[in-house]
Amino acid sequence: MHFIFSDEVVLLFDFWSVHSPTGMALSVLVILLLAVLYESIKVGKARLLHQALMNLSIPTSQQLIEEADQDSSSSDSLPVSRSPLRWFLCHFGQTLLHVAQVVVGYFMMLAVMSYNTWIFFGVVLGSGVGYYLAYPLLSMT
């Protein structure tokens with residue numbers, strides 16, 4: 001197998017059949033956007049992990065004092081812990097993002113396996129653009 005420069009290719013599904021330079025340009029744009037989405041999902045997972053770690057961190061002494069005061073003032077009501085629920089929701093969100101990342105990643109891999117050079121360039125360029133646009137968002141927490 002080898003890469004070819006052609007404007008005719010079948011991508012991912014039989015109905016995505018490209019037979020013209022305009023169709024190829026649109027297909028490369030779609031694949032490029034798919035690669036940007038892939039990088040954005042990776043950043044979303046990292047931000048969600050950071051948020052989960054911040055929410056589930058060890059409570060400060062001030063928080064412990066406030067919780068003890070609340071417990072002593074209302075001894076007949078049971079304190080409700082939200083940490084397990086928060087952990088479950090964050091973990092569930094990360095799981096959904098991971099599944100989306102795997103699906104998008106395999107679609108990109110299958111597109112590259114068409115061995116069309118233009119599609120390959122679309123994936124590489126989209127990955128670069130996605131990294132450039134998405135990763136600065138990690139520092140905005």
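This is a predicted model: local features need pLDDT of at least 70, side-chain atom pairs count only at pLDDT 80 or more; totals for chains, interfaces and linings use all residues.

Modeller: Residues are numbered from 1 along each chain as its sequence is written, and side-chain values use heavy atoms, with hydrogens and water left out.

Biologist: Why is the meeting of Lys42 and Glu39 called a salt bridge?

Modeller: A salt bridge is a side-chain nitrogen of Lys or Arg within 4 Å of a carboxyl oxygen of Asp or Glu. Between Lys42 and Glu39 the N to O distance is 3.4 Å, so the pair meets this rule. The count of salt bridges comes to one. Lys42 and Glu39 are three residues apart in helix α1 (residues 21-55), which means about one helical turn separates them. Helices here are DSSP runs of H or I with at least four residues, strands are runs of E with at least two, and both are numbered from the N terminus.

Biologist: What makes Glu39 count as buried?

Modeller: Buried means under 20% relative accessible area, exposed means over 50%, and partly exposed lies in between (1.4 Å probe, protein chains only). Glu39 has 6% relative accessibility and is therefore buried, whereas Lys42, at 27%, is partly exposed. Ala52, placed in helix α1, has a relative accessible area of 7% and is therefore buried.

Biologist: Why is the pair of Phe3 and Tyr115 called edge-to-face?

Modeller: Rings of Phe, Tyr and Trp (its six-membered ring) pair if their centres lie within 6.5 Å; planes under 30 degrees apart count as stacked, over 60 as edge-to-face and the rest as tilted. The structure holds 10 aromatic pairs. In the pair of Phe3 and Tyr115, the centres are 5.5 Å apart and the planes stand at 65°, hence edge-to-face. Phe3 lies in the segment before β1 (9-10) and Tyr115 in the loop between α3 and α4, so the pair ties together parts 112 residues apart in sequence.
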